[in-house]
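Trainee: I've got a model open and a few things I'd like to ask about. Can we go through them together?

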Amino acid sequence: MSDSSKTPELSKEVLDLQKDCDRTAAMARQHAAALGAAIAARHDAASGEAAASLARSIAVSIAACSADLVKADVTLTRERADDAQPRRERDASEVLTRAAIEDVRRRVVGLYDAPMLESLLLAGAMPKDPLQLVKYALRAAAHLEKQKPADFPDALIDGGKPTPKKWASAIRTPAEKLDAALKAIGTEDAQLVTALAGRDNLFGEAEIDEPRARAVLDALLRYARLDAEADRLARPVGTPRAPSAEEPSPEPLPDAPPTK
């Protein structure tokens, strides 16, 4: 289990987008009153209140978008951390299962020679795949559990006696633990896929909504002739992101000199 009391670090792409969203939300809140006053001066009080209300609504929406994205990214990080323990249990149980099968094989060969392995479903190479190994081990254990010591031929070693129930238990115990670990991993994998899809969906929405919200706020401020405030909406130089399809790179001004 991961330590849920500690908040995992955010992935870099989410952290960068969170900064953009939170900055846009803060600017919308900060300039809402001035925007409303400027629009009211140009039109009327109702229009000014509507403009201010829109700016505040943008702030709430983008802030919520950022919070949801951060929460989803934390959930994804924790899902990835939770996956470690079942995988460790799988690896340990696989080693024990293989060792148990080898131990039973040695005992059978010592008592009856190698051909006896085939009749007990213990002949051949063990599967490399853990899931197939579980099937191999449990099939052999189930077969051994049906055997009675009286059904075995005389041992090659004087006084040697078969213990099929004990052999079956030795194989079944680690094999069932391996089976449980594999099922736990399957569950974790499914949860991880769900968490990843949820995070990616929210990331895509935020990556589209943030530049659009910023563009609307920029247009409102410039219409209200608050150009200095609008200029401060530009993305900080220190945290550039590649422009998305929703946020194309700006075209050069008509009077700008051609780039070489």
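What follows is a short chat about cysteines, a helix pair and aromatic rings in this predicted model.

Trainee: How many disulfides are there in the whole structure?

Mentor: Take Cys65: its sulfur sits 5.2 Å from the closest cysteine sulfur, in Cys21, and that's too far for a bond, since a disulfide needs the two sulfurs within 2.5 Å. A search of the whole structure comes back with 0 disulfides.

Trainee: And is Cys21 buried or exposed?

Mentor: Buried means under 20% relative accessible area. Cys21 has 0% relative accessibility, so Cys21 counts as buried.

Trainee: How do α2 and α3 run relative to each other?

Mentor: The axes of α2 (residues 45-82) and α3 (residues 84-112) come within 4 Å and cross at roughly 15°. Angles under 35 degrees count as roughly parallel. So α2 and α3 are roughly parallel to each other.

Trainee: Which residues of α3 does α2 meet?

Mentor: The contact's residues divide into 3 nonpolar, 1 polar and 2 charged. From α2 come Arg80, Ala81 and Asp82, and on the α3 side they meet Ala84, Gln85 and Pro86.

Trainee: What kind of aromatic pair do Phe152 and Trp167 form?

Mentor: Phe152 lies in the loop between α5 and α6 and Trp167 in helix α6, so the pair ties together parts 15 residues apart in sequence. Their ring centres are 6.3 Å apart, with 80° between the planes. Planes over 60 degrees apart count as edge-to-face, so this pair is edge-to-face.

Trainee: Which residues make up the aromatic cluster?

Mentor: The count comes to 2 aromatic pairs. The one cluster is formed by Tyr112, Phe152 and Trp167.

Conventions. Residues are numbered from 1 along each chain as its sequence is written. This is a predicted model: local features need pLDDT of at least 70, side-chain atom pairs count only at pLDDT 80 or more; totals for chains, interfaces and linings use all residues. Side-chain values use heavy atoms; hydrogens and water are left out. Buried means under 20% relative accessible area, exposed over 50%, partly exposed in between (1.4 Å probe, protein chains only). Axes are lines fitted to C-alpha atoms, for helices over the stretch in contact, and angles run from 0 to 180 degrees between N-to-C directions. Helices (H or I, at least four residues) and strands (E, at least two) are DSSP runs, numbered from the N terminus. Angles under 35 degrees count as roughly parallel, over 145 as roughly antiparallel, 65 to 115 as roughly perpendicular and the rest as oblique. Contact means heavy atoms within 4.5 Å. Ala, Val, Leu, Ile, Met, Phe, Trp, Tyr, Cys and Pro count as nonpolar, Asp, Glu, Lys and Arg as charged, and the others, Gly among them, as polar. Rings of Phe, Tyr and Trp (its six-membered ring) pair if their centres lie within 6.5 Å; planes under 30 degrees apart count as stacked, over 60 as edge-to-face and the rest as tilted.
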